[in-house]
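Subject: A structure to look through

Hello,

I am passing on the structure that follows, together with some notes to read beside it. Please keep the view open while you go through them, and turn to each place as it comes up.

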Amino acid sequence: MSTPSSVAVPAEGPSAGALLRRLRPTTEMTILLGMLALLILVSAITTEGFFNSENARAIVRSAALTGIVAIGLTFVTLSGNLLSLSLEQTAAICGVLLAMMLHDGWAAGLALLVILGVAIVLGVVQGGVVALGANPIIVTLGAGAALAGLTGVISGGTGITTGPTSIGWLGTAKVFGFTMPTYVFIAVAVLAAIFLARARAGRALMLVGSNRDAAAASGLSVSRTTMLAFVLTAVGCALAATITVAQFQRADTIQFEGLTFDALAAILVGGAAIGGGEGSPARTAIGAVFIATLGDFMVLHNYSFGLRMTVQGVVVLVAVTAFHLIRRRRTGR
Amino acid sequence: MVEAKPPLVEVAGLKKSYGAVQALRGADFEVRAGEVMALLGENGSGKSTLVKVLSGLVARDEGTVRINGAELDLSTPAASREAGVATVTQEFSLVGQLNAAENVFLGSGLRGSWNQARLQRRAAPFLDSVGLGTAERRKPVGELSVGERQLIEVARVLARDARILIFDEPTAALSDVEIARILDLVRRLAADGRSIVYVTHRLGEVFEIGDRATVMRDGQSQEPIEVADTDVRGLITRMLGRELTTIYPDRAERIGPPLLNAVEVTAPGLREPVDLTVGEGEIVGLAGQLGSGAGSLLEGIAGLSGAAGGRLEVDGRPVPNRGLAQAIKAGIAYCSPDRKRDGIFELRSVADNLTAPSLRRVTPLGWFSPGRSRRLAGELAARFAIQARRLDADTGTLSGGNQQKVAVGKWIGIEPRVLLVEEPTRGVDVGARAEIYGHLRELADEGMGIVFASSDLAEVAGLADTVVTFYRGRVVRSAPAVELPQAELMADVTHGPEVAR
């Protein structure tokens, strides 16, 4: 029945066309970079004190913290588990615990291990409940409230200072003019991209996010993948907490206020599909830079807090709508 | 007496294509007032497209529809409703939290102030005429049986004063007692002067309530026949109408020793435990309508449904634990009937799809090997005649036939001993069908055991070495395909064991 043209020859490697296609940035990435370029251009023209290296470094520095957490959250979104609303609370409890341990004179390495352990437990518990079929938004909303309360109890409601610590360099050291958090941010983005493209668990995560039922029918463990996604998200929060404590030598319960929304905004501006399977750490990272640039622009223009929130919200809405329309056109639905 | 009445509904020269698939290629159809017209045909014969045209769900490409002599547009459901046509489907459109009376007037634009008493009073005539008990009228319909809900569906249609009622397999999900109620209701509605179009796979019902029958085949209609002038076999002959063509490969020359031994398999949808043996190189076809249990048996063997039970042996080794993962490990691959839902990843590339069940094979030591992935995907694509240049395309952009090849072909990567396929060619055009049959036969010839379930009887008769027929959750019989005439095959699945022996 099959005509000669429809008989495939086992491919030795990717064809030239396929290679080109892989190198060519996706439509979403092109749009994203275009949006960022436009924002920088408009800011540079209209804003005094915007287009200089010092301000650029400030932008990247503020993008770093959001970006690290947002890349962590990207795993939950890509795996088809929507999002986590307990990011700032997870970071806060990690920060407070770390500061207390450092304050009490623990070895920094040991304290960091404990924080990592706490993050893993928080991820497994939240991911586990979600894997049982609970709605991730409700679960993390509840977990966030519980963690916020717990953090208050642990810290006694006051800020905790550590004094100079051996991890201070993580927050303040500069290499080639950029501070350490910027490099951590870049490293996290690269590692996350490699993990998703190359690790078995990363590939399983993308498949589960693309079609949960098909992944289960193919014999992949959806619940294990869900737990892994939440663990990676919590680890991202712990990393952000570590950098913050290292930099400011103190921690308190409300240190990360607004982080959840900023991370979410970065993911959405990055064009990830909230239903899963579509998006990338690189795009989330650029989304974080976009949000940071926008924030910088608005601060330089002395926008009020309320106005800044309004503009950021509108930008997220526009981005989400635009990406949705692109996807609908591409899939023809 | 029938000659005196002119047709109330007259359809002529109806054509409709879905993309490259021509579902209707010139169908004529008519119904008289007060008549029950059975509409029959195999899956894919075009009868459901005809129903959709009449109910305004799809717009026709060509042809005319006249009701009461006037040519009508019917391109929207509202236009169809306006013309007095109403469809009672299997997919219930009732709101479970509301009671029967409330559902009857749902969306009917009942105006003015209303309260429960007034609503019950207004709904009473319609609920009376379908025979719903008074006790059931105040309960949320979610608490009622499927049959009672079906009655409320009909009452709802009557409340809109529909004169032409289309019943689309109303009894498919009902018990015997409930079926009797529905058939009785249909008879009374026709006696009231309403016109009934009755679509069914259960031929026995035609003789209980039908006046005439129109048989569809390959998108074309045949002259209506008087039910009184024919019998079950006569209808079956008209439905089949043709010999098997060459789209089916040769059958197995030799069937090897037993490969899969399934004993007393139970699963939701099976009314009694079923045994099944599949030999090396054998293709077993499970024939049955939707809900007959043919698919349920495959799901039970695959360990898919939570309540599945029974013992399995593959190559003489027992399969422990009975879950999907265990089955896969034991070399049992299961391909679902709904590829969009859980058969393919539409937004991932063909290569990613083909390697999904073999993720371990392409990620040695936990790390992805692009070389292995390309090789495996290339091999599987070649086996199933999927063009190599498509490997990087999103799977959702492929044709239905190619998607199905991906959905089945991906399983070959785990090198299964037994391949279970539910509806191997649903929504697949005839060219790709023939290819899929050929590929399945090749796999069997290499020693794999294959079991497929299908409601397409021509497919079962043409492809299988051994046929097992199912009717309402039970096995009717198991026989070599060459010893089972198609007429008996169809009688088994439409009528169960009581006729055709």
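This is a predicted model: local features need pLDDT of at least 70, side-chain atom pairs count only at pLDDT 80 or more; totals for chains, interfaces and linings use all residues.

**A strand inside a sheet**

On one side, β18(B) is joined to strand β19 (residues 449-454) of chain B by five bridges, and the two run parallel. Strand β17 (residues 332-335) of chain B is also parallel to β18(B), and four bridges join them, with Leu419(B) in β18(B) as the bridge partner of Ala333(B).

**The six-stranded sheet of chain B**

These strands belong to an open sheet of six, in the order β17-β18-β19-β14-β20-β21 (chain B), and the pairing in it is mixed. At its edges stand β17 and β21 (474-480) of chain B, each of which has a single partner strand, so that one side of each is left without a neighbour in the sheet. From one strand to the next, the twist averages 15°.

Further along the order, strand β14 (residues 283-287) of chain B pairs with strand β20 (residues 466-471) of chain B in the parallel sense over four bridges, and within β20(B) the bridge partner of Ala287(B) is Thr469(B). Two helices pack on this sheet. Helix α9(B) touches β14, β17, β18, β19 and β20 of chain B, and its direction makes about 140° with that of β18(B). Helix α18 (residues 486-495) of chain B touches β14, β20 and β21 of chain B, and its direction makes about 30° with that of β20(B).

**The four-stranded sheet of chain B**

Chain B also has an open sheet of four strands, ordered β13-β12-β15-β16, in which the pairing is antiparallel. Its edge strands are β13 (274-279) and β16 (317-318) of chain B, each pairing on one side only. Five bridges hold the antiparallel pairing of β12 (residues 258-266) and β15 (residues 309-314) of chain B, and in β15(B) the bridge partner of Ala262(B) is Leu312(B). Helix α9 (residues 294-302) of chain B, already mentioned above, lies across β12, β13 and β15 of chain B, running at about 105° to β12(B).

**Two residues of chain A**

The side chain of Glu88(A) does, however, reach the backbone nitrogen of Thr260(A) at 3.1 Å, and one of its polar atoms lies 3.3 Å from the backbone nitrogen of Leu259(A). Among the residues that Glu88(A) touches are also Phe256(A), Glu257(A) and Gly258(A).

Thr310(A), found in helix α14 (residues 305-331) of chain A, counts as partly exposed because its relative accessibility is 46%. A polar atom of the side chain of Thr310(A) lies 2.7 Å from the backbone oxygen of Gly306(A).

Best wishes

Methods. Residues are numbered from 1 along each chain as its sequence is written. Chains are lettered from A and ligands numbered from 1 in the order in which they are written. Side-chain values use heavy atoms; hydrogens and water are left out. A polar contact is a pair of N or O atoms within 3.5 Å; within protein, one must be able to donate a hydrogen and the other to accept it, and residues adjacent in sequence count only if both atoms are side-chain atoms. Contact means heavy atoms within 4.5 Å. Two strands pair if DSSP finds at least two bridges between them. Axes are lines fitted to C-alpha atoms, for helices over the stretch in contact, and angles run from 0 to 180 degrees between N-to-C directions. Buried means under 20% relative accessible area, exposed over 50%, partly exposed in between (1.4 Å probe, protein chains only). Lists of a residue's contacts leave out its neighbours within four places in sequence.
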